[in-house]
Amino acid sequence: MQLGMVGLGRMGANLVRRLMGNGHRCVVFNRTRGPVDALVGEGAIGSNSLEDLVAKLDKPRAVWVMLPAGQPTENTVSELGRLMDRGDIVIDGGNSFYKDDIRRAQALQTRGVHYVDVGTSGGVWGLERGYCMMIGGDTEAVLRLDPIFAALAPGPGNIPPTPGRDGRDARAVSGYIHCGPSGSGHFVKMVHNGIEYGLMQAYAEGFSILRAAAERPGVERYELDLADVAEVWRRGSVISSWLLDLTAIALAADSKLDGFEGYVEDSGEGRWTLMAAIESAVPANVLSAALYARFRSREEKSFADRMLSAMRKGFGGHVEPKPRGS
């Protein structure tokens with residue numbers, strides 16, 4: 001299948017590589033030329049503008065937008081809607097706000113253009129591991145794109161089947177689902193990221209308590225090897241996870257995490273999750289505390305904050321901003 005890709009950052013470029021590795025043809029565009037040329041060297045078709053990209057795609061077209069949420073995505077989706085024809089599909093695979101998806105889908109529908117929102121999880125490891133995808137949009141468009149989603153997804157792997165799933169959607173076992181109509185994909189991904197904040201904060205606080213044991217009085221003082229604790233927890237523990245795997249990697253490389261300042265950004269989904277919780281009157285004590293901890297990290301650094309920064313770099317390649325005034 002053929003797909004256009006707009007935005008060749010950390011994830012966009014690797015999405016293209018995984019698709020081409022599975023036999024799909026990609027036409028690519030980026031605001032700067034370097035990433036385009038790199039992918040052309042690997043077999044993609046380059047383009048010089050959105051108009052050029054659309055012209056190089058066979059009808060019915062499908063274009064995946066992988067840009068930061070907000071105005072960059074808004075402008076690109078709007079322009080693609082103007083350039084594309086009835087029956088074409090615009091896909092937003094970034095972290096857009098689900099209410100924006102609903103509005104965009106309604107606007108494109110007036111031109112007969114489909115809009116599909118895809119919450120995409122996998123970060124910088126997705127090329128190797130595959131991408132977990134939460135998809136929103138009309139059934140016709142989602143089914144047409146199934147070869148793309150199947151190629152990007154991780155597949156069943158070695159995870160044993162969940163008992164009692166007989167007769168349910170087999171796509172979930174492969175790592176992607178059609179959540180429902182427009183906005184539902186990004187809604188599920190939004191809550192996914194809110195949960196991610198809470199899990200990360202729990203690990204960071206727990207390891208901070210372990211580290212502080214070196215300052216306890218008398219016989220209660222323990223000099224614990226945090227890298228070894230992380231490693232043993234990975235094996236048979238009820239709290240094992242990929243985030244713990246990344247934590248173990250970070251601690252093995254730098255047990256004090258001195259390479260991190262502990263300035264922890266939030267990309268918006270945590271805030272939107274809490275907004276949805278408030279609108280639905282659903283208590284979200286852990287998720288709200290985790291978000292507020294990130295706000296605090298920008299004023300006062302701690303070991304827990306450095307651990308959060310280490311995990312964010314591990315799964316998403318996120319680099320801390322330089323200190324103000326530097």
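Author: Met5 stands opposite Val28 in S2. The model is a predicted one, in which local features need pLDDT of at least 70 and side-chain atom pairs count only at pLDDT 80 or more, while totals for chains, interfaces and linings use all residues. Residues are numbered from 1 along each chain as its sequence is written, and side-chain values use heavy atoms, with hydrogens and water left out.

Strands are DSSP runs of E with at least two residues, helices are runs of H or I with at least four, and both are numbered from the N terminus. Two strands pair if DSSP finds at least two bridges between them. Strand S1 (residues 2–6) runs parallel to S2, and 5 bridges join them. Of the 5 residues of strand S2 (residues 25–29), 4 are buried (under 20% relative accessible area, with a 1.4 Å probe and protein chains only; exposed is over 50%, partly exposed in between), so S2 is largely enclosed by the rest of the structure.

The open sheet has 8 strands with mixed pairing, in the order S3-S2-S1-S4-S5-S6-S7-S8. Its edge strands, each pairing on one side only, are S3 (45–46) and S8 (176–180). S8 pairs with strand S7 (residues 132–136) in the parallel sense, over 4 bridges. Here Ile135 stands opposite His178 in S8.

Helix H5 (residues 98–109) lies across strands S5 (89–92) and S6 (114–121), where contact means heavy atoms within 4.5 Å. H5 runs at about 150 degrees to S6; such angles run from 0 to 180 degrees between N-to-C directions, with axes fitted to C-alpha atoms, for helices over the stretch in contact.
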